[in-house]
Amino acid sequence: MSDDLRWYQRVLSHDLDGSLTLLDDALKTQSLEEVCDRIIIPTLSRAEHDRAHEHVDGRDVAFIWRTVRDWLDEVSERDDVVLTPMIAATEPLPAANPPAEPRALVGIATGGGADALVLRMLNLLLEPTGVRLTIVSAGGSALRITDKVGELDPTLILISHLPPVGLAQARYLVKRMRARHPETPIVVGYWDHDAATTEMTEPFRPARLVVSLAAARALILERASAPDVDKAKATALVDAT
């Protein structure tokens, strides 16, 4: 049985100690981002699917979310879990004349709690670099979300979508953000490490698609190191597939 299925069984049984032990054992042979991409995120996705089909109830999902939050709190303070900076694909901004008020990198939690947890994992992986996402919940009206993101004046918008639930909402948010921010790079985090990106790209055009936290981190660091005045680079990122 795969680690993600084993972990799903543990959390559905509300076995807190066993759930945490399995994650800690996985960290002995895998990196933190691998544990998140291959164990935690598939479990969050499976739980959302099973709740939508009434195979599990809200108490089970709440226990899973609470377990993930507590584990992330613990991992962030542990000395034995090393979070290494990742070099971006472009050179960082020169120290001279830095922008007085850096623009935000915004992550939108499309489906609410589970997507917010995924974005929190991404922020944990970004922590050593000093780069951070401002997380915005997609709860409420699309107009409210659009206005909130507009107030942040983002230099990049990452729309978090945990499949299989909520595809239509994610696609709608892409359209709304593109209409409001035509020059801002938009990225969709389609959190399925084994998904075929070539097949999933079309529904989200013109946004760029990433399927793992590692890919999202690399892309965010690339954008964070790019000057805002470089409009040609921003356009290239928007149009990349």
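Glutamate 54 counts as exposed, at 72% relative accessibility; in this description exposed means over 50% relative accessible area, buried under 20% and partly exposed in between, with a 1.4 Å probe and protein chains only. This residue is found in the loop between helix H3 (32–52) and helix H4 (58–76), where helices (H or I, at least four residues) and strands (E, at least two) are DSSP runs numbered from the N terminus. The phi of glutamate 54 is near 60°, a positive value in a residue other than glycine. The model is predicted, so local features need pLDDT of at least 70 and side-chain atom pairs count only at pLDDT 80 or more, while totals for chains, interfaces and linings use all residues. Residues are numbered from 1 along each chain as its sequence is written, and side-chain values use heavy atoms, with hydrogens and water left out.

A positive phi is also found at aspartate 153, about 50°, although this residue is not a glycine. Aspartate 153 sits in the loop between helix H6 (142–152) and S3, and it counts as partly exposed because its relative accessibility is 42%. Another backbone feature to look for is the cis peptide bond that joins proline 163 and proline 164, with omega about 10°. Proline 164 belongs to the loop between S3 and H7.

For the chain as a whole, the model has 10 helices and 5 strands. Of the 241 residues in the protein chain, 46% are buried. Among contacts (heavy atoms within 4.5 Å) with a separation of 6 or more, 74% are between residues 24 or more positions apart. The accessible surface comes to about 11900 Å², and 51% of it belongs to carbon and sulfur atoms; these areas come from the Shrake-Rupley method with a 1.4 Å probe, and for residues only the protein chains shown count as cover.

The strands form an open sheet of 5 strands, in the order S2-S1-S3-S4-S5 and with parallel pairing; two strands pair if DSSP finds at least two bridges between them. Strand S2 (133–137) and strand S5 (208–210) stand at the edges, and because each has a single partner strand, one side of each is left without a neighbour in the sheet. On average, neighbouring strands of this sheet are turned by 25° against each other, direction ignored. Here axes are lines fitted to C-alpha atoms, for helices over the stretch in contact, and angles run from 0 to 180 degrees between N-to-C directions.

Within the sheet, strand S3 (residues 156–161) pairs with strand S4 (residues 186–190) in the parallel sense over 5 bridges. Isoleucine 159 stands opposite valine 188 in S4, and histidine 161 stands opposite tyrosine 190 in S4. S4 is mostly covered, as 5 of its 5 residues are buried. Both faces of S4 are covered, with Ile186, Val188 and Tyr190 buried on one side and Val187 and Gly189 on the other.

Helix H5 (residues 113–126) lies across strand S1 (105–109), S2 and S3, and runs at about 175° to S2. Helix H7 (residues 167–180) packs on the sheet and touches S1, S3 and S4, its direction making about 170° with that of S3.

Leucine 105, in strand S1, is buried, because its relative accessible area is 7%. Its C-alpha lies 6.3 Å from that of isoleucine 157, although leucine 105 and isoleucine 157 are 52 residues apart in sequence. Not counting residues up to four places away in sequence, leucine 105 touches Val131, Arg132, Leu133, Thr134, Thr155, Leu156, Ile220, Arg223 and Ala224.

Elsewhere in the chain, the axes of helix H2 (residues 16–27) and H4 come within 11 Å and cross at roughly 45°. That makes H2 oblique to H4, since angles under 35 degrees count as roughly parallel, over 145 as roughly antiparallel, 65 to 115 as roughly perpendicular and the rest as oblique. Leu16, Ser19, Leu20, Leu23, Asp24 and Leu27 of H2 make the contact with Phe63, Thr67, Trp71 and Val75 of H4. Valine 75, which lies in helix H4, counts as buried at 2% relative accessibility.
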